[in-house]
Amino acid sequence: MTAVTDTTHHDDHRHGPAKGLMRWVLTTNHKDIGSMYLWFSFAMFLTGGAMAMIIRAELFQPGLQIVEPAFFNQMTTMHGLIMVFGAVMPAFVGLANWMIPMMIGAPDMALPRMNNWSFWILPFAAVMLVSTLFMEGGGPNFGWTFYAPLSTDFAPPSTTFFIFAIHMLGISSIMGAINIIATILNLRAPGMTMMKMPLFVWTWLITAYLLIAVMPVLAGAVTMMLMDIHFGTSFFNAGGGGDPVLFQHIFWFFGHPEVYIMILPSFGIVSAILPAFARKPLFGYTSMVYAVASIAFLSFIVWAHHMFTVGIPLVGELFFMYATMLIAVPTGVKVFNWVSTMFRGSMTFETPMLFSIAFVVLFTIGGFSGLMLSIAPADFQYHDTYFVVAHFHYVLVPGAIFAIFAATYYWLPKWTGHMYDETLAKTHFWMSFIGMNLTFFPMHFIGLAGMPRRIPDYALQFADFNMIASIGGFMFGVTQFLFLFIVIKCIKGGEKAEAKPWDGADGLEWSLPSPAPYHTFTTPPDVK
Amino acid sequence: MMLLHTPALFHSIAERASNMKSASKLKTLFFLRLGWLVGLTGTFVSGSALADWTVNMTEGVTAVSRSVYSLHMIIFLICVVIGVLVFGVMFYSILVHRKSKGAVPQQFHESTLVEVLWTTVPFLILVGMAIPATKTLIDIYNTDESEVDIKITGYQWKWQYEYVGEGVSFFSSLNTPREQIQNSRIKNPNYLLEVDEPLVLPVGKKVRFLVTAADVIHSWWVPAFAVKRDAIPGFINEAWTKIERPGIYRGQCAELCGKDHGFMPIVVDVRSEEDYAKWLVERKEAAAKERMILEEDWPMDRLMTTGKKVYEKTCAVCHQVNGQGMPPIFPALKGADLVVDKARVGDHVDILMNGIKGTAMQSFANQLNEAEIAAVITYERNAWGNNTGEMVTPKEILNYRKNGKYTPDPDNKTVTPFVNTKQAGL
């Protein structure tokens with residue numbers, strides 16, 4: 001720490017960004033790596049999005065029109081995997097890289113070389129994952145949840161590559177998480193106590209612990225699959241004394257905390273933006289921290305609510321139902337806090353605020369359907385229908401994705417030194433908002449009416465709502481090119497951004513000039 | 001698209017209307033509440049009746065399905081009330097507390113009383129919700145004292161129904177014609193929700209389902225009964241129902257189970273007790289007749305005709321009607337070494353009887369009878385220009401079952417190369 005702090009002016013000319021491509025390959029700078037994570041995430045977002053477009057095109061009307069069922073299954077699988085592991089998770093790591101050091105007054109991440117490595121594993125893992133689509137027999141076609149034995153005894157040969165890609169993605173995530181924990185626990189500026197940290201830092205700290213706890217579990221699950229496929233073991237094969245349900249228990253022990261990994265940082269982002277544009281402090285900082293911690297704890301004891309129909313015993317079923325219902329309490333606390341923060345504030349509605357408000361409303365709707373799903377007897381009707389698809393898209397699209405958009409618009413002036421084009425950004429918001437609701441709201445209806453998920457063709461009574469969902473989906477998809485345009489335009493130029501472009505914003509990052517210099521806080525700031 | 005479907009939709013409306021005579025007031029309320037979406041999107045598709053836009057869960061025809069439905073409606077209404085309150089405060093703030101209206105930000109934060117309240121009140125609501133949910137769940141798990149036991153086995157991509165203790169067992173698979181799926185013909189009203197042989201059940205009796213699978217995990221779901229149970233290889237799950245009204249009830253597989261997951265529907269034909277008893281007697285007689293067929297004479301052309309039927313119903317889904325398969329997952333049979341090499345008849349029989357472990361090729365020993373297995377092997381060895389002229393007889397398969405290995409029957413004289421271009425589809 002001291003070595004870093006007392007050599008500021010020497011470093012300026014030696015440690016500026018290198019020229020050319022090697023700057024990006026060799027960089028250990030948290031801002032460079034953060035940018036790479038964000039660009040990678042956006043590329044994956046478009047890739048996974050293109051697959052969603054194929055899915056929605058096939059489901060535009062009944063009958064098989066565009067793709068065969070075998071390929072359709074590959075699309076649903078890859079869409080899920082790419083969005084989860086390629087788009088949402090790296091985007092949050094990118095934001096963490098950019099913002100955490102600036103928020104806690106640190107000069108960089110604690111482990112900069114590992115930071116470089118954990119990013120550069122990603123593109124290779126992603127390329128390997130996507131390349132399976134071009135292999136003989138096609139890519140993974142067993143859903144992003146890859147239940148055995150469909151993903152072992154009955155899987156295409158490319159599954160081995162899928163397993164390796166998952167291993168690499170997992171290693172990258174674990175390294176990213178270790179780095180974030182090490183940074184937050186060790187590099188806070190003097191005076192930045194834990195309970196003074198911005199909520200984005202808090203939520204990421206908790207997320208990072210979740211990652212370290214569950215990514216090895218996922219690695220274990222895919223390794224057991226690998227053994228079953230190639231080495232004659234029978235972990236998940238009942239014929240050999242194994243247990244297909246064991247796979248689901250292991251997967252969801254990873255999978256449920258995983259869904260909170262994708263939402264907790266969003267809580268942090270929204271908790272920064274709402275007070276900024278309401279010009280009023282967050283209503284209950286302490287209770288927000290405790291709520292996030294409780295949600296994280298509960299996420300470990302609710303996994304079997306994904307498995308209400310597999311035939312777990314009554315007592316188990318009741319336990320998981322009660323535990324799941326409990327999650328509504330801390331989640332409610334968060335929503336009430338956000339609303340109370342807005343209440344009696346002095347609000348303006350710039351794009352980050354719009355996305356954050358949409359987050360609160362739509363995420364809450366996703367929470368409501370989650371509460372409905374937690375009622376085990378009702379879940380017998382909801383399970384594996386489009387109602388579930390509607391639920392998790394409501395928590396992931398306006399939850400994770402809208403929060404990422406909000407964060408991007410909020411901090412873009414700090415990153416680029418320019419203001420983004422507000423009119424275009426608002427267009428982006430409204431198009432996304434309408435498109436998203438048009439896509440996913442009707443899915444509640446077709447799910448309740450009885451349409452199972454993951455089917456390439458459907459009975460006639462589902463036709464009308466499916467067509468609407470597809471139209472909404474295309475609208476949402478096309479709109480994202482506008483986002484790309486807005487970001488590029490903002491990088492290239494635009495109105496000069498002040499150090500603190502949002503008058504209600506709070507935090508150390510706004511004490512730095514815009515754009516943020518390549519090296520920041522080489523001398524720790526004073527935190528009051 | 002709408003032109004194509006309009007007649008079909010009217011049929012499905014009629015059927016649904018007859019299935020749900022007692023659509024409750026709550027349901028109407030739900031319709032109204034969500035009517036905005038109908039209004040919003042009605043412009044896209046003109047001329048379709050309101051009933052097309054099914055927006056809610058079915059109440060179903062069993063006591064369990066009704067209590068599930070009411071749980072669903074209660075929790076939904078709780079969510080609506082909370083939503084109206086929370087969003088009400090929020091939109092009020094958005095409208096009133098804006099800078100453009102000169103709102104001055106207050107600086108209040110933290111209030112122990114408020115925070116304790118908004119933690120405990122939701123908790124109490126949840127407790128109130130958990131009580132009826134627990135009751136229903138206990139009811140769902142009570143599979144005692146069943147009067148009829150049905151063993152359900154999921155296969156890729158069909159269902160097998162076994163009437164335990166009655167000696168009746170059959171497969172039930174999709175019978176929507178391929179042309180309708182490929183959009184070259186107008187779709188039936190029950191497009192993708194129709195099967196060749198429905199499960200027949202008696203009304204008013206407690207029926208227990210023993211659910212399992214032969215290959216991957218499936219899930220047997222009929223919304224009108226609120227029964228959804230995963231069919232897991234190596235496990236037997238229990239579920240039960242007691243249906244109150246005769247009628248046809250439809251459902252689908254609810255767990256991704258491979259390529260044709262979307263094409264393995266469930267149809268349950270619920271009949272009065274007398275009709276059910278009559279049907280069961282007929283089924284038993286038919287089963288006896290089937291056993292007789294084995295003793296009959298099976299000349300080449302009969303094997304080929306039956307074989308073609310069996311092939312197209314059972315094998316073509318993977319190996320394709322033209323025998324070319326979808327390599328590498330589903331290998332071609334046309335010209336394949338296994339199928340044309342005279343020395344490998346035994347292997348061919350082995351694979352059909354036992355499947356190939358670790359692949360999608362399953363065992364058909366319990367899915368097809370001896371005559372059907374013999375016929376389909378004969379067909380595969382002679383169709384699509386394979387023309388081996390070889391014949392496998394039901395008797396040989398019967399012997400295979402007894403001895404566990406294939407031995408050619410000395411009475412089975414292989415005929416001269418057989419080319420029936422019409423049957424072989426050339």
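1. Helix H13 of chain A is largely enclosed by the rest of the structure, because 15 of its 15 residues are buried (buried meaning 20 or more other C-beta atoms within 10 Å of the residue's own, exposed 12 or fewer, and partly exposed in between, with C-beta atoms placed from the backbone). The helix covers residues 328-342 and reaches 21 Å from its first C-alpha to its last, close to the 21 Å expected at 1.5 Å a residue, where the expected span is 1.5 Å times one less than the number of residues. Just after H13(A), Arg344(A) takes a positive phi of about 60°. Helices here are DSSP runs of H or I with at least four residues, and strands are runs of E with at least two, numbered from the N terminus.

2. This is a predicted model, in which local features need pLDDT of at least 70 and side-chain atom pairs count only at pLDDT 80 or more, whereas totals for chains, interfaces and linings use all residues. Residues are numbered from 1 along each chain as its sequence is written, and chains are lettered from A and ligands numbered from 1 in the order in which they are written.

3. The contact between the chains takes 86 residues from chain A and 90 residues from chain B, two residues being in contact if their C-beta atoms, placed from the backbone, lie within 7 Å. On the side of chain A that touches chain B, the largest share, 8 residues, comes from H13(A). That side divides into 56 nonpolar, 20 polar and 10 charged residues (Ala, Val, Leu, Ile, Met, Phe, Trp, Tyr, Cys and Pro count as nonpolar, Asp, Glu, Lys and Arg as charged, and the others, Gly among them, as polar).

4. Helices H8 (residues 199-230) and H11 (residues 285-298) of chain A pack at an angle of about 15°, with their axes 10 Å apart. That angle makes H8(A) roughly parallel to H11(A), a term used for angles under 35 degrees. Residues of H8(A) including Trp202(A) and Ile206(A) belong to a group that meets residues of H11(A), among them Val289(A) and Val292(A). The residues of this contact divide into 9 nonpolar, 1 polar and no charged.

5. Met475(A), found in helix H18 of chain A, is partly exposed, with 16 other C-beta atoms within 10 Å. Although Met475(A) and Gly435(A) are 40 residues apart in sequence, they are 5.2 Å apart in space, C-alpha to C-alpha. Not counting residues up to four places away in sequence, Met475(A) touches Met431(A), Ile434(A), Gly435(A) and Leu438(A).

6. Chain B holds 13 helices and 10 strands, and buried residues make up 37% of its 426 residues.

Key:
Axes are lines fitted to C-alpha atoms, for helices over the stretch in contact, and angles run from 0 to 180 degrees between N-to-C directions. Angles under 35 degrees count as roughly parallel, over 145 as roughly antiparallel, 65 to 115 as roughly perpendicular and the rest as oblique.
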